[in-house]
Amino acid sequence: MSSALWSQEKPSGGFREDWRFYMVIKECIVEKPSQKTLRILRGSLGQACQERNSLGRTLTPCKGKKSLRILDQTNVVLSLDERDVLELDENLAELLFPITNCEERYALLCNKSRLDRVRDIDCGSKVRVQLRSGDEPLPGVVRFKGSLLPDRALSGIWFGVELLDNPIGDWNGVFDGKLLCNFASLEHTRLVPVCDVMPEYSIQDQRLQKHSFAPRGNNNTDKSSSGQSKPKSKGLGHQSGSRSKSEFYYTLNGSSVDPPVQSKSKSTWYIDE
């Protein structure tokens with residue numbers, strides 16, 4: 001994580017009194033007097049605050065503007081157009097904050113189906129962890145979910161995941177001299193942001209991916225949309241098209257042997273709806 005994200009001390013007043021958070025949904029270029037031009041990336045997070053001049057006096061907010069303290073950059077407070085920002089609830093802001101890539105953070109916010117799934121992840125959840133782009137996701141179990149620095153303005157929600165059968169951990173459960181997780185091991189536990197984890201598919205989700213076969217219809221009663229009876233099919237080729245797999249094998253082999261079991265396909269990383 002960049003140093004800017006960890007440099008935000010939780011103020012005793014001012015910022016803490018207005019506990020509203022926003023995401024920048026359109027990249028902005030801002031020019032401030034006596035300062036260089038600032039580029040605010042889409043996906044940046046901001047906290048509502050009062051903008052002040054160089055003398056420390058509070059500036060009156062302009063109509064249609066939001067005064068924000070940009071949390072991804074150090075000591076940046078500016079006014080942005082209300083149409084260029086989206087208000088987030090505190091829990092969602094905490095969840096998205098550890099993602100250091102602004103565009104990746106914005107993409108997760110827009111992916112509602114995936115966002116809903118990862119928000120349900122909790123301690124004990126079975127997950128898949130994507131450590132590097134292109135690598136096979138690794139199975140694991142969440143042993144820790146929470147904030148690392150509760151005394152900061154916004155420290156974010158992190159996940160301590162025990163990687164099953166993969167001794168490539170990097171976290172022993174301690175952060176900044178404080179023990180946060182008793183179940184973490186330096187050999188197997190990785191500390192990751194929400195963008196790197198995805199819950200395992202449930203049995204119901206896996207069933208949705210399989211092709212189901214329609215029940216065999218009765219050729220004598222089926223009718224077309226025009227009300228005319230369908231002609232009866234002749235020949236093995238047409239009959240097999242309306243039969244189940246087991247019936248088809250019975251016809252060919254003269255026995256009731258079931259067809260060979262098909263191997264299950266691997267679960268994908270996630271499905272965008």
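Student: Is Phe21 buried or exposed, and at what relative accessibility?

Tutor: This is a predicted model, in which local features need pLDDT of at least 70, side-chain atom pairs count only at pLDDT 80 or more, and totals for chains, interfaces and linings use all residues. Residues are numbered from 1 along each chain as its sequence is written, and side-chain values use heavy atoms, with hydrogens and water left out. Buried means under 20% relative accessible area, exposed over 50%, and partly exposed in between (1.4 Å probe, protein chains only). Phe21 therefore counts as buried, at a relative accessibility of 1%.

Student: How many aromatic pairs does the structure hold, and which geometry do Trp19 and Phe21 adopt?

Tutor: Rings of Phe, Tyr and Trp (its six-membered ring) pair if their centres lie within 6.5 Å; planes under 30 degrees apart count as stacked, over 60 as edge-to-face and the rest as tilted. The structure holds two such pairs. In one of them, Trp19 and Phe21 lie 5.0 Å centre to centre with 75 degrees between the planes, and the geometry is edge-to-face.

Student: Why is the pair of Phe144 and Trp171 classed as it is?

Tutor: The ring centres of Phe144 and Trp171 are 5.3 Å apart. Their planes stand at 55 degrees, so the pair is tilted.

Student: Which parts of the chain does the pair of Phe144 and Trp171 tie together?

Tutor: Helices (H or I, at least four residues) and strands (E, at least two) are DSSP runs, numbered from the N terminus. Phe144 lies in strand S9 (residues 138-147), so the pair ties this strand to a part 27 residues apart in sequence. That part, which holds Trp171, is the loop between strand S10 (157-163) and strand S11 (174-175).

Student: How many disulfides does a search of the whole structure find?

Tutor: A disulfide is a covalent bond between the sulfur atoms of two cysteines. The criterion applied is a pair of cysteine sulfur atoms within 2.5 Å. Across the whole structure, the number found is zero.

Student: Where does Asn75 lie, and what is its phi?

Tutor: Asn75 is exposed, with a relative accessible area of 73%. Its place is the loop between strand S5 (65-70) and strand S6 (77-81). Although Asn75 is not a glycine, its phi is positive, at about 55 degrees.

Student: What distance separates the C-alpha atoms of Asn182 and Asn172?

Tutor: Asn182 is found in the loop between strand S12 (178-179) and strand S13 (189-192), and it is exposed at 65% relative accessible area. Asn172 is ten residues away along the chain, and the C-alpha separation is 8.5 Å.
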